[in-house]
Amino acid sequence: MCDGWGLATDGKVLFGSDGTSMLYKLDPKSLEVMKVVTVKYHGDEVPYLNELEYIDGEVWANVGQTDCIARVSPKMA
């Protein structure tokens, strides 16, 4: 993760975005990337993820240049 467009936490780990369709799970102390997932909707990548929030067990991400919010399943994250 080179550029940070959004960060959120569930109190245990950080979730980060870099403005692409990738969502990163980070160790909060070392900032080491623990897991990377590509966010998809109906098989298509969801680009421009930013402004992350952790809400009721899901990562919510603004989809830049649209009026959409991506809700990422905890199974993915």
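Student: Which residue in β8 is the bridge partner of Tyr54?
Tutor: Keep in mind that this is a predicted model. Strands β7 (residues 49–55) and β8 (residues 58–63) run antiparallel and are joined by six bridges. Tyr54 belongs to one of those pairs, and its partner in β8 is Val59.

Student: How many residues lie between β7 and β8 in their hairpin, and what is the phi of Asp56 in the turn?
Tutor: Strand β7 covers residues 49–55 and β8 covers residues 58–63. The hairpin they form has two residues between the strands. Asp56 sits in that turn, and its phi is positive, about 45°.

Student: Moving on to β9, which residue there is the bridge partner of Val63?
Tutor: β8 pairs with β9 (residues 68–72) in the antiparallel sense, over five bridges. Ala61 stands opposite Ala70 in β9. For Val63, the bridge partner in β9 is Cys68.

Student: Which residue in the turn between β8 and β9 has a positive phi?
Tutor: These two strands form a hairpin as well, with four residues between them. The phi in question is about 70°, and the turn residue that has it is Gln65.

Student: Which strands are the edge strands of the sheet, and what is the average twist from one strand to the next?
Tutor: In general, strands of a sheet pair through backbone hydrogen bonds. Here the sheet is open, with three strands in the order β7-β8-β9 and antiparallel pairing. β7 and β9 each pair on one side only, so to speak of edges is to speak of β7 and β9. From one strand to the next, the twist averages 25°.

Notes
Residues numbered from 1 in each chain as written. Predicted model: local features only at pLDDT ≥ 70, side-chain atom pairs only at ≥ 80, totals over all residues. Heavy atoms only, no water. Pairing = 2+ DSSP bridges. Axes fitted to C-alpha atoms, helices over the stretch in contact; angles between N-to-C directions.
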